Amino acid sequence: MNKLAKQILSIVALSAFFIGFDASVYTVCTYRCINDFSKEMSAKSVEVSKFLPFDSQSGIVVKEGEKLDGDLPVIDGAAALFPVFSAFTHRLYPEESVHYSNGEFSNDSSLIYSNTKGAYKGIVDATSDIIFCARPSNDQLAYAVEKGVELEFTPIGHEAFVFLVNTKNKVDSLEEDQIRGIYSGKIKTWDEVGGDKRFCAPLHRNEGSGSQTMMEKFMNGEKIAKGSVLAWFGQSIGFSFRYYVEGLNTSSGVKMISVNGFAPTKENIQNGTYPIISDILMVTRKNDTNPNVQKVIDYVLSSEGQEIVNETGYVGL
């Protein structure tokens with residue numbers, strides 16, 4: 001083989017190496033970080049514009065009836081519950097009480113959206129009057145105590161707390177202790193729980209979010225381990241609430257796994273066989289004297305209000 005041929009062969013081999021290396025890095029690291037959500041979903045965790053209360057194309061459950069008047073309580077809440085409290089707003093509030101433009105609610109709107117962390121701060125600071133969320137974190141409760149505000153928690157429905165893996169992951173079901181083992185770092189590779197011999201890569205949510213607070217409660221005192229660099233070369237597991245995955249953030253690339261052998265279906269939430277169930281809460285201030293606050297609570301707990309909870313995709317009381 002002449003010198004030129006050897007040089008060409010070397011260049012081809014080197015090029016093939018870098019192409020293979022780049023493909024590996026993309027598959028293992030870059031691909032899993034690509035954000036394929038819309039700008040609105042990325043910024044707000046829910047596409048608010050698709051669930052506005054008085055939009056003719058809205059995806060909310062629509063019920064018609066007599067509207068409230070007078071001092072209207074400001075409603076806020078979590079991303080996964082926006083379609084629910086938007087539907088309550090449509091049913092109970094006059095259209096002119098909601099002001100939304102350029103992707104934001106104005107300061108004088110009776111419906112706003114701040115997500116869980118902002119909603120709990122708002123109910124304590126009295127910038128909102130009714131919020132729809134999961135259970136608060138210890139820090140959120142401490143903030144209320146610090147400000148001298150006593151909160152009232154009214155359950156309005158039930159929801160499953162779920163765990164997600166990639167559809168290519170062989171694991172379809174885990175025991176609760178196995179999940180805690182993965183998140184505490186005691187279980188490091190998927191083959192320990194019936195999967196491939198790859199590192200477990202547990203994902204987390206922002207501090208103060210409803211799902212992160214629920215995860216900390218689920219861990220039952222066990223400390224959540226910090227992520228390992230090796231996990232970047234493994235298979236991920238994450239957590240959320242069932243409706244957020246099924247109704248708001250559908251993806252063909254992930255699957256919800258069963259826990260203790262039971263899938264997180266509406267039927268298994270209703271009959272109590274799925275083991276990790278959370279209450280959906282309507283949160284108010286105990287000293288709020290606005291009579292419309294109680295009227296909203298009474299409606300949400302009524303048969304029609306519970307129809308909205310169920311028809312949206314949650315499990316009513």
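Mentor: A residue counts as buried when its relative accessible area is under 20%. This model is predicted.

Trainee: How many of the residues in the protein are buried, as a percentage?

Mentor: Of the 317 residues, 47% are buried.

Trainee: Is tyrosine 113 buried or exposed?

Mentor: Tyrosine 113 has 15% relative accessibility, so it counts as buried. Phenylalanine 82, at 0%, is buried as well.

Trainee: How should I read an aromatic pair, and how many does the structure hold?

Mentor: Look at the distance between ring centres and the angle between planes; planes over 60 degrees apart count as edge-to-face, and those under 30 as stacked. There are 14 aromatic pairs here.

Trainee: Which pair is tilted?

Mentor: Tyrosine 243 and tyrosine 314 make a tilted pair, 4.7 Å centre to centre with 45° between the planes. This pair also bridges distant parts of the chain, from helix α8 (residues 242-248) to the loop between α11 and β12, 71 residues apart. Tyrosine 243 is buried, since its relative accessibility is 8%; tyrosine 314 is buried at 2%.

Trainee: Which residues do ring pairs link into a cluster?

Mentor: The cluster includes Phe82 and Tyr113, along with Phe85, Phe88, Tyr100, Phe105, Phe132 and Tyr299.

Trainee: How many residues of helix α7 are buried, and what do they pack against?

Mentor: To read a helix this way, count its buried residues, then list what they touch. In α7 (residues 210-218), 7 of 9 residues are buried, among them Gln212, Met214 and Phe218. Their packing partners are α4, β5, α6, β8 and β11. The ring of phenylalanine 218 also has the charged end of arginine 180 over it, 4.3 Å from the ring centre. After α7 comes asparagine 220, with a positive phi near 55°.

Trainee: Where is leucine 141 found, and what is it in contact with?

Mentor: Leucine 141 is found in helix α5 (residues 138-146). Its relative accessibility is 34%, so it counts as partly exposed. Beyond neighbours within four places in sequence, leucine 141 contacts Pro136 and Phe153. The ring of phenylalanine 153 lies under the charged end of arginine 135, which is 5.8 Å from the ring centre.

Methods. Residues numbered from 1 in each chain as written. Predicted model: local features only at pLDDT ≥ 70, side-chain atom pairs only at ≥ 80, totals over all residues. Heavy atoms only, no water. Buried < 20%, exposed > 50% of the residue type's maximum accessible area, 1.4 Å probe, protein only. Helix = DSSP H or I, 4+ residues; strand = E, 2+ residues; numbered from the N terminus. Contact = heavy atoms within 4.5 Å. Phe/Tyr/Trp six-rings, centres within 6.5 Å; stacked < 30°, edge-to-face > 60°. Lys NZ or Arg CZ within 6 Å of the ring centre and 35° of its normal.
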